[in-house]
Amino acid sequence: MTVALITGASSGIGTVYARRLAARGHDLVLVARATDRLKKLADELRGEHGVSVEVITADLTDAVQLAAVTQRLRDDPPIDILVNNAGASVSGGFSDADPAALENLLRLNSLAPTLLAVAVLRGMLQRGQGSIINIGSVLGLLPEYSHGIYAATKSYVLTLSQSLHTEVGSKGVYVQAVLPAATRTEIYQRSGGDISKVPDVMEVDDLVDAALVGFDRRELVTVPPVPDVADWEAFEQARMVLARGFSNARPAERYRV
Ligand SMILES: NC(=O)c1ccc[n+]([C@@H]2O[C@H](COP(=O)([O-])OP(=O)(O)OC[C@H]3O[C@@H](n4cnc5c(N)ncnc54)[C@H](OP(=O)(O)O)[C@@H]3O)[C@@H](O)[C@H]2O)c1
């Protein structure tokens with residue numbers, strides 16, 4: 001039996017991860033703020049799959065509550081899979097932003113997954129195995145389609161995943177960044193949006209099933225809606241071509257005056 005800890009398990013993508021990982025025989029730790037929803041899901045999964053399920057109520061924007069989750073990640077039984085899924089968006093852009101709401105979004109979307117990954121890593125490295133799944137967004141690659149700081153927080157999740165992989169990928173710890181596009185969940189109504197105005201919305205079961213195919217293939221980055229993986233590979237190659245120009249002690253000719 002291995003144990004998976006899933007943040008944001010009370011709805012949407014996190015709930016489907018919980019169902020799929022329970023069906024694969026993993027014991028679970030479910031984390032979110034909505035205790036009732038977590039307990040209901042826990043009962044369902046214990047009944048259907050005979051797995052053991054812990055519930056931790058935590059607001060991940062709160063340092064003390066986040067610390068309780070990081071402590072669980074260091075405790076026994078050890079966590080073999082961390083799914084950094086909890087996330088949100090906020091309405092509005094930079095000019096009309098509420099600074100407190102922006103700070104909370106940074107805590108939830110960027111700080112929490114970082115500290116949770118750091119907390120789980122030590123044990124994973126000692127055991128020489130483990131997996132960290134970080135839910136980013138295609139908007140991290142396409143800020144032109146998003147208001148405010150949401151895209152920046154998700155761009156961070158991609159870079160975080162790539163940095164983690166660079167450090168621990170060769171030491172038995174598998175890191176996956178999943179980049180969903182529009183997916184039918186509560187996130188739109190929670191942030192004052194209207195999903196009926198969004199074209200080409202993927203069903204959440206399809207999204208998670210595809211992400212888990214990428215997980216089983218040990219992909220570093222999984223972008224479920226992209227039809228041809230060669231497009232992603234070309235994007236990565238272009239990044240490496242650009243990087244060749246970084247190794248210059250002098251500014252480029254066009255900047256010399
Ligand atoms: N749906 C999309 O189109 C889409 C596209 C790209 C990326 N994503 C990403 O997918 C992830 C999951 O979102 P979703 O689409 O499944 O949305 P969702 O249905 O709104 O689920 C969000 C989850 O995060 C939890 N959460 C929110 N604030 C929290 C807090 N302060 N502390 C702890 N947990 C909190 C929520 O639980 P509680 O309210 O119970 O705390 C809920 O379980 C997010 O990271 C999101 O950015 C979604």
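Which residues does I6 touch, not counting residues up to four places away in sequence? In the predicted model examined here, I6 touches G14, Y17, A18, L21, L28, V29, L30, V31 and V83 beyond that span, where contact means heavy atoms within 4.5 Å. Residues are numbered from 1 along each chain as its sequence is written, and side-chain values use heavy atoms, with hydrogens and water left out. Because the model is predicted, local features need pLDDT of at least 70 and side-chain atom pairs count only at pLDDT 80 or more, whereas totals for chains, interfaces and linings use all residues.

I6 belongs to the largest nonpolar core, which has 30 residues. Such a core is a set of buried Ala, Val, Leu, Ile, Met, Phe, Trp, Tyr and Cys residues joined through side-chain atoms within 4.5 Å; buried means under 20% relative accessible area, exposed over 50%, and partly exposed in between (1.4 Å probe, protein chains only). The members that touch the most others are I6, Y17, L21, L28, L30, L45 and I133. Two or more residues each are given to this core by several elements, among them strand 1 (3-7), helix 1, strand 2 (27-32), helix 2 (35-49) and strand 5 (130-135). Helices (H or I, at least four residues) and strands (E, at least two) are DSSP runs, numbered from the N terminus. A second, separate core of 27 residues includes V69, L108, L116 and V175. In soluble globular proteins, nonpolar side chains tend to be buried together.

A nitrogen atom of the ligand lies 2.9 Å from a polar side-chain atom of D59, and an oxygen atom of the ligand is 2.8 Å from a polar backbone atom of T183. Taken alone the ligand exposes 880 Å², of which the protein buries 96% (Shrake-Rupley method, 1.4 Å probe).

S137, in the loop between strand 5 and helix 5, counts as buried because its relative accessibility is 7%. Beyond four places in sequence, S137 touches Y150, K154, V178, L179 and P180. The C-alpha atoms of K154 and G87 are 9.5 Å apart in space, although the two residues are 67 apart in sequence.

Several backbone features fall in loops. The peptide bond from D76 to P77 is cis, with omega near -5°, and P77 is placed in the loop between helix 3 (63-74) and strand 4. D200, which is not a glycine, has a positive phi of about 55°; D200 lies in the loop between helix 6 and helix 7 and counts as exposed at 74% relative accessibility. Most residues other than glycine have a negative phi, and most peptide bonds are trans.

Key
A polar contact is a pair of N or O atoms within 3.5 Å; within protein, one must be able to donate a hydrogen and the other to accept it, and residues adjacent in sequence count only if both atoms are side-chain atoms.
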